[in-house]
Amino acid sequence: MNTHTLPRPKAPHSKTPLAKAQPPRTPFSAARLTKTLLPETAPRAAFGQIVRNEARLAWRLPAGLIFGIGLPVLLLIIFNQIPSFHQTQASLGGLTAFDVYVPILIAMVIAIIALISLPGPLVTYRDQGILRRLSTTPVPPSWVLAAQLVVEFCITITSLLILIVVSITAFGLDAPKNPGALVLAIAASIAAMFAIGLCIAAVARTGIAARAIGAAAFYPMLFFAGMWFPRQEMSGVLQDISNLTPLGAVVEAIQDSMQGQFPPAEPLLVLAGYALVFALIAGRFFRWE
């Protein structure tokens with residue numbers, strides 16, 4: 001008897017596709033992880049620590065403090081001992097030589113710190129590879145630049161306050177008749193001169209080169225500011241050149257504000273132009289390594 005094996009019925013294919021396995025969800029998002037590794041207080045605290053370190057270095061290597069504060073105050077004492085410096089002169093517009101030289105010393109303080117004290121540490125840090133090593137840490141190298149600007153700005157303001165207060169209280173200089181205009185003139189002067197200092201830091205390759213470039217720019221600027229020959233007694237051509245130089249514009253703006261006038265537009269525009277142009281050049285050519 002033949003028996004036929006009946007074929008087994010095939011199981012019907014399921015038309016429903018299998019659901020793809022979903023990857024497990026990460027409990028921490030990228031933003032949350034970043035916030036965990038770098039709390040909000042870390043950048044602020046790190047920048048404050050960099051500023052404190054730069055301030056300590058400025059105190060241990062006080063070249064900027066000595067020349068920025070000590071030299072102008074010493075010159076102020078010497079000028080006060082010259083009897084003719086306290087006599088009004090028609091050639092100086094009815095001012096005394098002492099009145100004329102205080103704005104020049106203010107300009108000198110700003111120039112020393114901006115052209116000599118500011119560029120040196122930045123160029124040295126780059127030459128020694130410190131800025132390059134900082135780029136491997138969460139702290140950006142630009143914070144060192146910002147910390148240097150903060151420290152040098154504080155030194156500048158302190159030096160100017162000492163110089164002005166000593167001139168008024170010890171040597172009888174009249175108090176500024178337009179303090180608001182004086183603040184504006186000083187702010188514009190610091191912005192222009194610091195931009196030139198950053199440009200020096202951008203192009204100089206070593207600290208020695210930075211100091212040499214700063215000194216080469218400092219002494220001609222100081223001449224046109226009137227240190228060796230008052231601007232009021234310069235010839236017309238030299239006065240026109242002086243008005244277009246950074247320190248010449250600084251002295252003109254500060255002199256007018258100390259005599260109660262608002263600084264003319266020309267020196268303020270000259271200082272704004274220097275600040276803008278040299279800041280752009282510094283940003284274009286500054287190297288971190």
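Leaving aside its neighbours within four places in sequence, which residues is arginine 231 in contact with? The list runs Phe224, Ala225, Gly226, Gln239, Ser242, Asn243, Gly248, Val251 and Glu252. Keep in mind that you're looking at a predicted model. Here's a quick tour, starting with the whole protein and then coming back to that arginine.

**The whole protein**

- You can count 12 helices and 2 strands here.
- Follow the chain along its sequence and the pattern reads α-α-α-β-β-α-α-α-α-α-α-α-α-α.
- Of the 289 residues in the protein, 42% are buried.
- Take the contacts with a separation of 6 or more: 73% of them involve residues 24 or more positions apart.

**Arginine 231**

- To find arginine 231, look in the loop between α9 (207-225) and α10 (236-244).
- Arginine 231 counts as buried because its relative accessible area is 13%, and the cut-off for buried is under 20%.
- Asparagine 243 sits 12 residues away from arginine 231 along the chain, and the C-alpha atoms of the two are 9.3 Å apart.
- Asparagine 243 is also one of the contacts of arginine 231.

**Helices α11 and α12**

- For α11 (residues 246-258) and α12 (residues 265-285), the axes come within 9 Å and cross at roughly 140°.
- That angle makes α11 oblique to α12, because the roughly antiparallel label is kept for angles over 145 degrees.
- The crossing of α11 past α12 is left-handed.
- On the α11 side, the contact is made by Pro246, Ala249, Val250, Glu252 and Ala253.

**Cysteines and disulfides**

- A disulfide is a covalent bond that joins the sulfur atoms of two cysteines.
- How many disulfides does a search of the whole structure find? The search comes back with 0.
- Cysteine 154 is partly exposed, as its relative accessible area is 43%.
- Cysteine 199 has a relative accessible area of 10%, so this one is buried.

Notes: Residues numbered from 1 in each chain as written. Predicted model: local features only at pLDDT ≥ 70, side-chain atom pairs only at ≥ 80, totals over all residues. Heavy atoms only, no water. Axes fitted to C-alpha atoms, helices over the stretch in contact; angles between N-to-C directions. Helix = DSSP H or I, 4+ residues; strand = E, 2+ residues; numbered from the N terminus. Parallel < 35°, antiparallel > 145°, perpendicular 65-115°, else oblique. Left-handed = near helix turned anticlockwise from the far one by under 90°. Contact = heavy atoms within 4.5 Å. Disulfide = S-S within 2.5 Å. Buried < 20%, exposed > 50% of the residue type's maximum accessible area, 1.4 Å probe, protein only.
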